[in-house]
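Visitor: I would like a friendly walk through this model, helix by helix and residue by residue. Could you take my questions one at a time?

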Amino acid sequence: MAADVETIDTVNALAEGGYKWGFSTDIEMDLAPKGLNEDIIRLISSRKNEPEWLLEWRLKSYAAWLTMEEPDWAMVNHPPIDYQDLHYYAAPKKKPGPKSLDEVDPELLKMYEKLGIPLKERAILAGVELPEGEAPQVAVDAVFDSVSVATTFRSTLAKSGVIFCPISEAVQDHPELVRKYLGSVVPAGDNYFAALNSAVFTDGSFVFIPKGVRCPMELSTYFRINARNTGQFERTLIIVEDGGHVSYLEGCTAPQRDENQLHAAVVELVAMDDATIKYSTVQNWYPGDVNGVGGIYNFVTKRGACRGARSKISWTQVETGSAITWKYPSCILQGDDSVGEFYSVAVTTNHQQADTGTKMIHIGRNTRSTIVAKGISAGKSNNTYRGLVRVLPKAEGARNFTQCDSLLIGNQCGAHTVPYIESRNATAKLEHEATTSKISDDQLFYCRSRGLSQEDAVGMIVNGFCRDVLKELPMEFAVEAQKLLAVSLEGSVG
Amino acid sequence: MSAALKPTALQSSALAFLSRFEGLRARLPGDVAIRDEAAGILRSTGLPGPREEAWRYTHLRSLAEVEFNEPLTPVADCADLLSRIPDFDAPRLIFVDGRFRDDLSTVPSLAAVRVGGPAFGALAQPASEKLVALNTMLAEDGADISVPAGVDAGTVVLVSLGTDLHGRAVAFHPRHNISLGKGAKLTLVEIAVGDGVYLHNPVLSVAVSPEATMTHLRIQDESRSAFVLSTVYADVGEGGTYDSFLLALGGKLTRAEIHARLGGPNAIAHLNAAQLLADHQHADFTTIVSHDAPNCASRQTVKTVLSGKSRGVFQGKIEVARVAQKTDGYQMNQALLLSPDCEMDSKPQLEIYADDVKCSHGATVGELDAEQLFYLRSRGVPAAEARMMLVRAFLDEALEPITHEATRTAMEHAIALWWERQAA
């Protein structure tokens, strides 16, 4: 199914340079009433024309959620969330009209200008056809609020047997796959936010790579939170069969808001024998203003299951946005010789709070995991690395290496490290090291004496500090991420 | 929590301790108000359970299954237990089942010692540590040792003997308090041995004045059936040093918790430990170092050797307050797993609010290096001996900073005995 002209326009506006990310689009919304109850869930389910089993699954999740308590173990503080004061369903009715730039917070505009968006796919979305065989290409599945508006490159992908579509569509077209894998990695009752997501998720991405297929392009999705008071509950499911390979890119932006917005996504990855999944995220949602007003609450459950032997799941994330980040992309290493990786840069400034890390659960023999986490705190922010490495008795010869480094900029911020290391197999070898320091005066002096401004010097040092992670990012993201780091830290060095 | 619910084992156990307190309340020495407060805490919260973050790796279930009694007034000569205490040329204070035994002790001349009642001190936090609340509620006796300013009091040995006189489990909760005046020095060697089933729940507070140095060496070789749940509070003033080492070999279920606060600039704390575990032993070493002043340094080297089906736990937290600029914090935690059925859980933690700091921690878990073993074997060293050499080398890094010769010798002897027991 080719995207129609209207959809292309919509997405074009979304990614358009002058449009940027800093204001809400005045689209007529189809909103469900505020609040959460079984009727709302039935409404979501019926609007999406879902089969009975999915509605039942949602209701079961909701019932589980009701019995759970919001977790309080993370090192984050926020006023209590009123879950009844949110819209759980919003679908755009009309395409957005153009808006004047005058309404945009100039601070935000300035930031985005500095960032630039090297979005190769912009031209594609606008309908410009690339010459045959030009590579690499990026396919975009844009989530405009809760309903996926457009998916491009469907035909190219379909030729190689790859399914890449909104999950709501997958429910209609490939119900057997969705039913088999949905909730198989993150069960409905896994945690408070995952249960909430399972009950009310509206859309997200679905990727299926069949046996032996190497996905011909990098898959990408741009999430965007738009409607006032709309919690976003994406659900992403990626399945790679034996010997398949996929690289998935996820980037996020959000318009400026005064109210805090809740975002509770669930991402599930399944890798069978010899399959590889690379999942990269650049997250720069609205972090709130200098005084900590507004900003996104990002409570995400991301987990990958290395089901097959020699499978590999690699998470790379650059987290600079959100008022609160609560996110632990994890790997369950079930298959023998499977590999889990986690590369993370988390930057917090002003009043941001990040509690992020990973879990590596070693179940199979000779499973290996690598964790490289870099935390940078500035302003009055708090940045916590929280990670678990667990080796179960059967994981003969398991291997883990963990490196966590924290950088503090300014004396009003906090940097914390909370690793859990649990080994129940003597042949496993686990190594963990963590350091905390500030940018050394010597390094700064060296750069300054060679004519770099203070901010450029800090940007350069910070990029060096994060190099191990940034080099794991696909090219499309690496440039953006480097700029993002420098821009995020602007003004925090004095 | 509804009163109609059936109490859990942990709740019942707390209730049993509480009812023991009710019975003893009128007879216990010292201020009863502080005990009542502690009892109130236990009554409302119970003993720590696995849902509490600080207790996620150490479950007190097996403790809750035992009924503990008040120790009887000890009359035995304890000769057998005493023979296990290494001979130090130093005054020693001997506690049997938590009660001071004048007839067995020699009192130091350079430090003032007061016994016959609990030495509560001012540092303990019964409100946040439930086992300290338990101790506060039931403490009967303890040593109050103070070293005057400028005095080097040499070595004092503090001995705890846990007896199995009547074949019934007893619980004792000694409460010690040590204070060092400005520039004072003291080496406290704590040795604990015992037989049979008992609960040893000591709390020891150490106040180190500016420029003073406290060396605290502990050998915990208690009964393999005993529960040992100890808490140490150390508060170090400007330029002072608290230098501690714990060798833990004994006990069935043990936890040694240390809260060290560096309260004045240039203070130093060393919290080192070695844990050697076998069979079904469970040992937990938990430390919290609070850097509350600039220019302080803390060092930790913790080594755990596990065999059999044992389980080792290390939780180490370094907290750096906003004022504590130029903090130097280092923590190394390593575990050696000698058998396929043991488990190590480690949680090193940094909580840092100051920017100009140098803090790091490292943790490793693994088995003996096959290449190192091969190296030794290929040079004709028998397998068992090669393993022992490597284990000893592994432990050496932790033992190295101990400068007190007699204690070090005693520790090495205890480790050698432990190894013989494993090899047999």
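Visitor: Happy to start with a helix in chain A. Which exposed residues does the face of α2(A) turned away from its buried side carry?

Guide: Welcome, and do keep in mind that this is a predicted model. Helix α2(A) covers residues 38–47, and an exposed residue is one with over 50% relative accessible area. On the face turned away from the buried side, the exposed residues are Asp39(A) and Ser46(A).

Visitor: And the other side? Within what arc do the buried residues of α2(A) fall, seen down its axis?

Guide: The buried residues of this helix are Ile40(A), Ile41(A), Ile44(A) and Ser45(A). They line one face of α2(A), because seen down the axis they fall within an arc of 135°.

Visitor: That pattern makes me curious about the geometry behind it. Why do residues three or four places apart point the same way in an α-helix?

Guide: It comes down to the helical repeat. Residues three or four places apart point the same way because an α-helix has 3.6 residues a turn.

Visitor: Which helices are included in what covers the buried residues of α2(A)?

Guide: We are still on the side with Ile40(A), Ile41(A), Ile44(A) and Ser45(A). The cover over these buried residues includes two helices of chain A, α3 (52–67) and α9 (192–200).

Visitor: How many nonpolar residues are in the contact of α3(A) with α9(A)?

Guide: From α3(A) come Trp57(A), Arg58(A), Ser61(A), Tyr62(A) and Trp65(A), and from α9(A) come Tyr192(A), Ala195(A), Leu196(A), Ser198(A), Ala199(A) and Val200(A). By class, 1 of the contact residues is charged and 2 are polar, while the number of nonpolar ones is 8.

Visitor: Now to chain B. Are α6(B) and α7(B) oblique or roughly perpendicular to each other?

Guide: Helix α6 (residues 370–378) and helix α7 (residues 383–399) have axes that come within 9 Å and cross at roughly 130°. The roughly perpendicular range is 65 to 115 degrees, and roughly antiparallel begins over 145. The two helices are therefore oblique.

Visitor: Which residues of α7(B) does α6(B) meet?

Guide: The crossing of α6(B) past α7(B) is right-handed. On the α6(B) side the contact uses Gln372(B), Leu373(B), Leu376(B) and Arg377(B). On the α7(B) side, the residues they meet are Ala383(B), Ala386(B), Arg387(B), Met389(B) and Leu390(B).

Visitor: How many of the residues of helix α5 in chain B are buried?

Guide: Helix α5 of chain B spans residues 130–138.

Visitor: How far apart in space are Ser205(A) and Ile238(A), C-alpha to C-alpha?

Guide: Ser205(A) lies in strand β6 (residues 205–209) of chain A and is buried, with a relative accessible area of 0%. Ile238(A) is 33 residues away in sequence, yet the C-alpha to C-alpha distance is 8.0 Å.

Visitor: I also like to check backbone angles. What is phi of Arg310(A) near?

Guide: Arg310(A) is in the loop between β13 (296–306) and β14 (312–319) of chain A. This residue is partly exposed, with a relative accessible area of 46%. Its phi is positive in a residue other than glycine, near 55°.

Visitor: In which loop is the place of Asn266(B)?

Guide: Asn266(B) has a positive phi of about 60° although it is not a glycine. Its relative accessible area is 42%, so it is partly exposed. Its place is in the chain B loop between β14 (253–262) and β15 (268–277).

Definitions and conventions. Residues numbered from 1 in each chain as written. Chains lettered and ligands numbered in written order. Predicted model: local features only at pLDDT ≥ 70, side-chain atom pairs only at ≥ 80, totals over all residues. Heavy atoms only, no water. Axes fitted to C-alpha atoms, helices over the stretch in contact; angles between N-to-C directions. Helix = DSSP H or I, 4+ residues; strand = E, 2+ residues; numbered from the N terminus. Parallel < 35°, antiparallel > 145°, perpendicular 65-115°, else oblique. Left-handed = near helix turned anticlockwise from the far one by under 90°. Contact = heavy atoms within 4.5 Å. Buried < 20%, exposed > 50% of the residue type's maximum accessible area, 1.4 Å probe, protein only. Arc of directions from axis to C-beta. Nonpolar A, V, L, I, M, F, W, Y, C, P; charged D, E, K, R; others polar.
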